[in-house]
Structure formats: structure tokens, C-alpha cells
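This text walks through one structure, a part at a time. Look at the sequence and the model first, then read on.

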Amino acid sequence: FILPPKLNKPITDNPRTSLSTTTILKSTTESTTDPIPFNITNIKHSLKTFQDLSLPYFTTRNGQIAALTVLVLTLLNSGVSVAFSYIGRDFWSSLNTKDPLQFNTMIIKFGSALVAGVPVSVFYRFFKEKLSLEWREWMTVRTLDLYYENKSYYLLPPSIDNPDQRISEDVKSFTSFSLTVFITLLTSTIDLASFSTILYNIDSKLFASIFAYAAVGTVVTTNLGKQLIPLNFENLKKEANFRYGLIRVRENAEGIAFYEGEGEEKDENLFRLGEVVENAMEIIGVTRNLELFTTSYRYLVQILPVSVVAPLYFRGDIALGVVSQSSGAFNHILSDLSLIVNQFESLSGFSAGVERLGKFYEGIGGADGDLLRVVEKDRTPIERLRYLITGNDDDGDDNGISDETPEPKQPPASTSIPTIQIVETEPTSTALLSVTNLSLLTPTTSRILFKNLTFTLPPSQNLLIVGSSGTGKSSLLRALSGLWKTGSGVVKIPESVLFLPQKPYCPLGDLRKQMCYGSGREVEDDELFRILELVDLKDLPKLMGSGDPVKGLNQVVDWSNTLSLGEQQRLAFSRILVSEPKLVILDEATSALDLKTEERLYGVINRFEVVSVGHRPSLVRYHDLRLRLGGLGGGKMEVGAETISKKEKRRAEGQDVV
Ligand SMILES: Nc1ncnc2c1ncn2[C@@H]1O[C@H](COP(=O)(O)OP(=O)(O)OP(=O)(O)O)[C@@H](O)[C@H]1O
């Protein structure tokens, strides 16, 4: 778009030039976002969200001090710009009048202005960057607070894609772009006021002509460039999709190599690349047409103001310096007046980014906390639950903004959604875990998995949950852990429970962290070595530390891609011995182990009460009760747990049926 040449701006920073499409909020992973239509309703909504997101930082003391500093420096910086305009004028005039005394005076003035102006300009940029960084840090810290609070990272509605990208990229772009927009508006207003006065004092005709010139430029550019808005939006999306395709290959390299899927992967990458190129080709075509106009427009700017005042100069009414000053002032004002035109594209992209962030904060619970004050109304817990289930408010409040992905199915209309009640209690002499009338729905689709399930696990007993694939065994564990609350009934469970899934999670960090993850404990090395021996991983620290076991404990590697699944499962068992929970929940946690190692591990955790889910017949002998799930068809009542007799346990040893 039109960026007139800066003829008379020696040292000032022009934020407009940094407002480019590369700084707008962009996706780094697969994106499903559609361009948001640029209309009044959406602009109003975006402004409201923008206000909700941006104001909280400036209610803090640090935010206020930083903002005030930047404000003062912005004003000083504009002052420097005006001062140089006058110094430049007199400098050229002294040359014109061949006045060496005046010329020398102007050189001295220029030098003094440089000494005063350079620090202003440099510190203005420094404090602007600092404010942007501190604001980003503040906002990201609070975002992470909300993200990890109440397991929001797990409960995010499916309509909110790429949360990682929103936290890292979108927040960063939001703070830096918001600041740039604000400063641009401020400097443009100041520029417009000061340079308009200069220009008006030189010649009122020149003053009028600039408005006419800017109006023509705005109308023509808007019409020619309109197409670029959706095309650039598509460009970001297609680039992100291409990148995401390549990332997936890296993440799944082994699977692809086993399948020999190189050809198909390459075809998919080439297809995505083709989409990028096709779209980019359209962009450069439209840009070519636009530039036929903007290039002439830019060149014309160099002679237009001079042509208007030239008759005055020829008559001897004004000096050469005034001609140069009028040209500079003309350029300043033109760039101020062309602000919307210049930034039309970036602003529409920014508005889409603001919407993405607003939705994200609603999703991670900004509604409940007042940290970011992101929503207009408070949600009750039920409303919040409804939002988490459906990704939508049920109040028919249509703001005209289209959501990023189709909304999931709505749950049956009701005034309130019951939730499963989780009561953390100390174990009694008769019950370690009790489940009463538990009915469970899948959170996104509200499909009933089972109804009115009731059972009790007494202390010193283990429970095995069996059933065909997809009957809801893992979902029952999610309900016991409080991760899924969609349904009804009461779960009484001890406070300290450790859950081991089939594919253990390996956090970033050293071997010590793998073992202590989630326990909050710091354990002596000797104790860790002893535990590793118990779970059949005695040699692991030595191996990892090239012979030095202590070094091995501190070794940081990508554990998920280094250890076999069986080794990861054994390492996960070490967490039980570190954490010493009241209850252990195992979801096919020994599926990758041989039967001997499985027996050894169940022996090692013999002193803990265990609830296991699994299909393997060998599991029967480590449990006292069995709960069968399945065949409900969404309706039938569950009977509860049955006792596994000693005879059956003996029979199960080495047998193949549960
Ligand atoms: N987040 C989710 N949203 C909606 N439905 C889900 C979700 N997670 C799982 N389901 C569905 O819930 C049902 C029960 O899933 P679950 O994982 O509990 O089965 P399972 O009995 O443990 O199966 P398997 O033995 O194969 O591991 C499945 O039909 C599954 O597709």
C-alpha cells in the first residue's frame, strides 16, 4: 500500500512502517480460521474485546509508569521531528541566500538538535520495546495461570485450535501490535496537527490540495487493494498448513518409515505447497495492478507540493527552504491521512487475532477469574460447564462473529446440567473408594456411556475393570479422577491418587524428573536407584550417564522417543513408589510388558490399593473384585463389582481368558 517517501524525517522513528502484514497474528500450526468479514458489527465487537484484553495491564502500577514514559517520549519524539523540519528549512534558505553566517548557525543548531534528538529517538524506541515485552510477560503469566487452573488445558472446547500458538505467538503479537497501533494513531494525530499548521502557514492552496490528493489515493487504493485482504489471510493459513504438514512428518517419522509412506507424505506436502504458490501468485498479480497506481502516486508526491508553491518561489515570496519544508510537511500529512489505507490489511488481520484471543480466554476460564476481565458477564459454574461442553453460550447472544470451526452438537435443552460430584475423603474401614449412581456422558457429544453405576472398593482390595473396547472403561477412570464431570452421581475417593495411563507421559527434563513427576517430592539418589532396581530398570542410570549413574539421573533426553514403551511403563511404575499414593489407578499400564515383568511390578506395588483397567487375562490374579462394563446401549443399569474367587485366580494363572 501507499507509503510516501519520507523526505524530511532524518532521525525520527515512523511506527507506520513497522505495521506490516508480517506482524499480524499468524498461525504456526494447522489453521482452520476463516477471515472475519470487515464490517461495522465485527469491528465493534473486536474493539470491545480489544479493550477487555488490553486495559487490565494498564491498571497495574508498572503498566501505568511504562505507558506514561512511552507517552512522554512519543510526544518528545514528534517535537524532534517538527524541530528538524524548521532547521532543515532555514538550512536550505541560508544556502539559497548565500548567507555563510546563517549557514554556520544552522550547522550548529543542527548539531545541537542531533545531540538532544538522538537520545530521545533511541530511548523512545527502547522504552516502547520494553513496554511491549513487559506487557507480553504480564499477559502470558496470567494466561498460563488460567491455562493450568482447573485443568483448563484439558477441558478446552474443541473450537479452540492451537492453544500453544495462541499463548506464545498471539499474545506476543497482540501486545506489540496494539502498542504500535496506539503509537501510530497518537503520532499521526500530533503530526497532522503540527504539520497542518506549517503547511497552512505556507500556503492555504497547498493545504487544500493535500486533502484532495489523499482522498483520491485512498479511494483508488482501497478499491484496487480490497482483494488483498482475504488473499493475505489465506496466505497465512496456507503457509501454516504447509508448515504443519512438515512438522507432522518430523513427529511421526518412525511410523511413516515403517509404512514406507514417504511417497504419500511427499505428495501431501507438494499439494500444500501448491496451494501456497497458487495463492501467492494471485497476491503478486493484485499487487502488480495496485503498484501501477501507487508507484505513480509516490513519484507524483515528490513534485506535487513543490509545483503548488513554485509560483510563490519564482515571485520571490518564499525562500527555497520553505519549498523544501512544504514538501516534507506534505509527505508527513499524506502519510497520516493515508493511515487507514496503509494499514487496512494489517488491521483486519489484527482484528481476527483479537477475536481468537478473546475466545481463548473465555475457553480457559477468563470468565471466572477477573485477571483479564475478558467477558462482559459472569458465568455461573453451570454456564461455564455448558460453555466447556458446547464451546458456546446458550443464551442466544449472537454477536455476528462466525466461529472458527463448526460448533459441536448441543446437549439436550435443559435449564441446568447436572455434574458428577467428587468428594475427596479419608478412607473408612469399609470403603477406600465408593461410586454411587454414577451416570457418565461424553463431554463433547453428550453420549451416555453408562447409567447408575454403583460399587465400593474396600481397603486392602484391588478392583479390575473389564469390558469390550469402547465401552467406557477409560472414561470411568476419567470420571473418578474428576477430569470428566458431565453426568451425575457421587464419587468418594481419597485425596492422593496416582493415575498411570497406557502411554506414560514423559515430561521435559532429566531422569530424576521422570521418576518424581507429580509427587512434589525430592528424593535422595540412593532411594531412586533402589526404586529403579525394583521396577527392573537398574541399569538405566548407568547407561544414560555413560557409566556414571548419578550423571545418568541428571541426563536430559527426549524420553518418549528414547525408551521403549515397556521401559516407559516400568519408569511410570517408579512414580508409584516415589509418590506413595493412597490409591493407584492403572489404565492398561502393563500392556507393553511381558507377563513376568507384569507380575513383578504388581508385586512391587502390592502394598497399595489398585484399580486396573485391562483386557489381559493375566491381570485377574492381582485383583479381588471385577467390574464389567458394556452392553448398556446407553440405557441398562450396571450391577456393580463382583468378587473374584481364589479358584478363579488360580485358574487364570497362565490361562488365556478373563
Ligand atoms: N473426548 C471425547 N469426546 C467424546 N467421546 C469420547 C471422548 N473420548 C472418548 N470418547 C468415546 O467414549 C467411548 C468410550 O471411550 P473409552 O476410551 O472410555 O473406551 P474404553 O472402554 O477404554 O476402550 P478401549 O478398551 O478401546 O481402550 C468411545 O466410544 C470413545 O470414542
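Predicted model: local features only at pLDDT ≥ 70, side-chain atom pairs only at ≥ 80, totals over all residues.

Two strands are said to pair if DSSP finds at least two bridges between them. Strand S6, residues 497-500, and strand S7, residues 583-587, pair in the parallel sense, with four bridges between them. One of the residues in this pairing is leucine 498, whose bridge partner in S7 is valine 584. The faces of strand S6 can also be told apart: Leu498 and Leu500 make up its covered face, while Val497 and Phe499 make up the uncovered one. Four strands take part, in the order S1-S5-S2-S3, and their pairing is mixed. Strand S1 (421-424) and strand S3 (448-457) are at the edges and have a single partner strand each, so one side of each has no neighbour in the sheet. On average, neighbouring strands of this sheet are turned by 10° against each other, direction ignored.

Inside this order, strand S2 (residues 433-441) and strand S5 (residues 487-493) run antiparallel and are joined by five bridges. Valine 435 is placed opposite valine 491 in S5.

Next comes the ligand. Which residues are the closest to the ligand? They are Thr442, Ser469, Lys473, Ser474 and Ser475, from a shell of 13 residues that surround the ligand. By kind, this shell divides into 10 polar residues, two nonpolar and one charged. Helix H13, residues 473-480, gives the largest share of the shell, with three residues.

The last part to follow lies earlier in the chain. An unreviewed UniProt entry places the feature "transmembrane region" at residues 65-87, 107-127, 177-199 and 206-225. In the model, the span of residues 65-87 is 100% helix and 0% strand, and its end C-alpha atoms lie 33 Å apart. For residues 206-225 the span is also 100% helix and 0% strand, with end C-alpha atoms 28 Å apart.

Helix H2 covers residues 61-96.

Definitions and conventions: Residues numbered from 1 in each chain as written. Near = placed C-beta within 6 Å. Helix = DSSP H or I, 4+ residues; strand = E, 2+ residues; numbered from the N terminus. Nonpolar A, V, L, I, M, F, W, Y, C, P; charged D, E, K, R; others polar. Buried ≥ 20, exposed ≤ 12 C-beta atoms within 10 Å, placed from the backbone. UniProt positions renumbered as here; feature names shortened; annotations may be inferred. Axes fitted to C-alpha atoms, helices over the stretch in contact; angles between N-to-C directions. Expected span 1.5 Å × (residues − 1).
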